[in-house]
Amino acid sequence: MKIAVLGGGNGSFAAAGDFALSGHEVRLWRRDSSQVAAHRAAGSHILVKDHSGRHDVKLALVTTDIAEAVNGTELILCPAPAFAQTEIARLLAPHLRDGQVVFLPPATFGSMIFADAAREAGNQAKASFAETGTLPWLTRKHGPFEVAITIRAKRLPVGVFPLDHAPHALEVIGRAFPDAIEPCGDALSGALMNAGPIIHPPLIVMNAGPIEHFERWDIHKEGTQAAIRRVTDALDAERIAVREALGYGAPHFPLAHHYAKEGEIWMYGRGSHDRLTDSGDWRERIVLTEHRYMREDLRLGLSLLVSVAGLAGVATPLAKAFLAIGGAICGENFAQGGRTLETLGLDNLSRAELQTLLRNGF
């Protein structure tokens, strides 16, 4: 399959390397022209390190030209942070063609940003947009063109916009992620599977002291204590209550299953938390005012949850509290702006009208 991967971060390099390792034709697009030139000069290779060893794979194309990257591809995967979506969507919009699937893992309801950008560009191609609850790889880059994959996702709940395109979209995504895709309905359902806004805000806010004191700190090892886990579960209960109020059925992929030794298997499978902490790759420097855990997961992710909860009539005191504290840490008012139904241009719709839009498209 021909796949375009957009972005130059951990997730994009894991995607490009892993897809090439699986035999797909992969084009990698990123905006940094100097990095693209260096990557090309190095032979357009990515070194993938996983449990089975080291794998040197070659990409079909590394480019700054997004039209060249996506031309003729079936799947366009964009794992860039949510705060980068608006600009990437604008660049991609004119180039989408019938049948192409844009997959955002995860997206904070970014499916609507990409779909709306295509509409604003006057592009009437029958493209599909989908998002899931987590990045399909636990991964970190170990060099400019080297990436370590600690775990590959076992279960990926995927929501599609418009929902009427789901059979085709899920078939295309399923060829890239064999046996991992699980339909979960429309794009909002997919957005409400996003684990980042549940796991990261308690970990960074409740560990703010150690994070700023130590040069490097592992929020998933020393930072994941019983008190914080109880808060995480309570925050996750708010997410699940919103899903239920909107009529989305189980499985809701509660984050508690990520830590459990038995019972329901979570997105990354059994034992993923231990493998994550054993790798040492998450003992890192986190600048609280800049890191995507704050800028993407807390500010955008929780503002979306609070906004959708308002439509659903569900109280979210913890989500609101973390928004307030995160904003105070950054010296900003996170209650304003963010990723909300209003900023997405959807606040004028009733629940029934939103559900119709999510099914039928614009």
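Buried area is the accessible area, with a 1.4 Å probe, that two parts lose on being put together, summed over both. The structure is a predicted model, in which local features need pLDDT of at least 70 and side-chain atom pairs count only at pLDDT 80 or more, while totals for chains, interfaces and linings use all residues. Residues are numbered from 1 along each chain as its sequence is written, and side-chain values use heavy atoms, without hydrogens and water.

**Exercise 1.** State how the chain is divided and what area is buried between domain 1 and domain 2.

*Solution.* Step 2: the centres of the two domains, taken over C-alpha atoms, are separated by 22 Å. Step 3: each domain brings 39 residues to the contact, where contact means heavy atoms within 4.5 Å. Step 4: about 3400 Å² is buried between domain 1 and domain 2, and carbon and sulfur atoms give 62% of this area. Step 5: on the domain 1 side, Arg140, Arg155 and Leu192 supply 23% of the area buried against domain 2, more than any other three residues.

**Exercise 2.** Describe the polar links across the interface and the elements of domain 1 that touch domain 2.

*Solution.* Step 1: three salt bridges cross the interface of domain 1 and domain 2, the rule being a side-chain nitrogen of Lys or Arg within 4 Å of a carboxyl oxygen of Asp or Glu. Step 2: arginine 140 and glutamate 284 meet through their side chains in a salt bridge, at 3.2 Å from N to O. Step 3: helices (H or I, at least four residues) and strands (E, at least two) are DSSP runs, numbered from the N terminus. Among the elements supplying at least two residues each to the side of domain 1 that touches domain 2 are helix 5 (110-120), strand 9 (137-143) and helix 7 (187-191). Step 4: strand 9 gives the largest share of that side, five residues.

**Exercise 3.** Find the salt bridge of arginine 152 and locate its partner in the chain.

*Solution.* Step 1: the count for the model comes to 19 salt bridges. Step 2: arginine 152 pairs with aspartate 18, with the closest N and O atoms 2.9 Å apart. Step 3: arginine 152 lies in strand 10 and aspartate 18 in helix 1 (residues 10-21), so that the pair links distant parts of the chain, 134 residues apart.

Note on methods. Domain bounds come from an automatic or database domain assignment. A polar contact is a pair of N or O atoms within 3.5 Å; within protein, one must be able to donate a hydrogen and the other to accept it, and residues adjacent in sequence count only if both atoms are side-chain atoms.
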